[in-house]
Amino acid sequence: MSAVPETLPALAERADAAYLDFVEGFREYILGKGADFEDRLNEALLAEQARRGQPWGEVEQIREYVHSLPLGRLRDRLSRTQQEMKWFALRRSFEAQRAALLAELERYDTRGPGRLELDPNFVHPPYVNVHFHLQPGGYYKDALSGYLYHYGTKVFFRGDNDHDELHSKLVARVPAPVDGRVERVLDLACSIGQSSTAFHRRFPSAEVTGIDYSAPMLRVAHRRAVMLGDEVTFAQRLIEKTGYADGQFDITFAFIVFHELPLRIIHETVREAARVTRRGGIFAIYDFTGTRDKSPYQRYHRWFDARHNGEPYSQDFCDCDMNAILAANGFEVAVAPLGQRSGGAGYMTNWFATRV
Amino acid sequence: MSELTQQTPEGGTPIADENPVYLKDPVLDATVRMVVELAAQVWIERERRITLESLLEAQGTLSRAAIESFKPDAAQAAALKRERARFIEDVFKELRRIPPKP
Ligand SMILES: C[S@@+](CC[C@H](N)C(=O)[O-])C[C@H]1O[C@@H](n2cnc3c(N)ncnc32)[C@H](O)[C@@H]1O
């Protein structure tokens, strides 16, 4: 195997790993061509649309039809079940080794390379109190949230990100500023820092900073970066109010966080990114594809994910016009939908914007 | 589908309650959950047996510690993935027999 240290936390028992391995395979099966739910349900929606002689209107209309189909309801049951199984198994396995995992984090908190900057007086704004994708304790209420998130997203990405391959690929695609100057990079809502370390590797002489409100995430991010030997600063800050000086950063980056922000905070975050990104610098965003570019079933899935998978702000995000918000805040935008992964249900788009 | 929901801290889509019923009858929901759970348990057993067999073949001896620390090599991991896909297909192929329209 490779010499890269394994940063994914070990589970308590071999059986726990097998259980989660099952969940990962089952996810692939119900999201992809195995059960073939998405394409078949979309075809049913297109056929019904043709029969009615008009395009689908509000998502409520699509929902009513999907819920009239036993296949549509069963798919929802199975989606919810695999998500619940994942967190159940992870929580039990980490609970069994809680003391050891916490001691492990403590050992790394003050080590280098890089730095961990937690704010003992940090106040969490109320809108963050959501169990995003049903993660128990949400992103910050359990001291082990970062570990839960790391293993949880490993299963979520179905083998595409076991060793951060996805983060590396997406970071590699971000265009550098036209003048080529990259001295400081800011990773907004960095979670466990998988993009941050990828940026450090791409621009080894740049100063890379990852910020997040969740201390448990940042501690795991720091431990992970130390293990990999990557020098990154991880700081507990809000992305809509970073506290950094104007024009500090050559590249500002946000991977799948905007869909987890209320509309008001989306606007504030773009404004803040415009403030801290220097002129000619890049603001790169990857996030869910907007409603306009979705198939009818993908539109249904967005509603389902919002209501039944702890993504309450995602519908508003997909309905909003990010191009217009970026343009209104002094960015020039290039947008491109990313290649679809089977079962992606309208997966991801990128916005690469230049601060003008 | 149950429509009990909780408001979010700030706007957006209300969140479903903790135990949504998707299949009109909670018994059906529970049945489906049990079937998936059962499948997971069977997979755990099968994964372990494959592990044991691999180890027995490799060393001719057997210890608990050896089982716990077994890590498949690239070829074995690929074989496990194939086995997993086949297993899931066996149990859930029924899903494709449900017509989109009743
Ligand atoms: C889906 S994850 C983002 C994934 C991450 N960018 C990556 O590269 O893997 C959402 C993260 O955003 C953080 N977050 C959400 N809203 C935030 C805010 N207003 N300020 C700081 N962090 C925030 C959460 O704590 C969580 O770690």
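Student: How far is an oxygen atom of the ligand from an N or O atom in the side chain of Ser195(A)?

Tutor: First, the ground rules: this is a predicted model, where local features need pLDDT of at least 70, side-chain atom pairs count only at pLDDT 80 or more, and totals for chains, interfaces and linings use all residues. Residues are numbered from 1 along each chain as its sequence is written, chains are lettered from A and ligands numbered from 1 in written order, and side-chain values use heavy atoms, leaving out hydrogens and water. A polar contact here is a pair of N or O atoms within 3.5 Å. For the ligand oxygen and the Ser195(A) side chain, the distance is 2.9 Å.

Student: Which residue has a polar backbone atom 3.0 Å from a nitrogen atom of the ligand?

Tutor: Backbone atoms take part too: a backbone N or O atom of Tyr213(A) sits 3.2 Å from a ligand nitrogen. The one at 3.0 Å belongs to Ile239(A).

Student: How much of the ligand's exposed area does the protein bury?

Tutor: Accessible areas come from the Shrake-Rupley method with a 1.4 Å probe. On its own the ligand exposes 600 Å². The protein's share of cover is 99%.

Student: How many residues surround the ligand?

Tutor: A residue counts if one of its heavy atoms lies within 4 Å. The closest are Tyr127(A), Ala189(A), Ser191(A), Asp212(A) and Glu240(A).

Student: What area do chain B and chain A bury between them?

Tutor: Contact means heavy atoms within 4.5 Å, and it takes 47 residues from chain B and 48 residues from chain A. Buried area is the accessible area (1.4 Å probe) that two parts lose on being put together, summed over both. Of this area, 62% is on carbon and sulfur atoms, and the total is about 4300 Å².

Note on methods
Polar contact = N/O pair within 3.5 Å; in protein donor to acceptor, adjacent residues only side chain to side chain.
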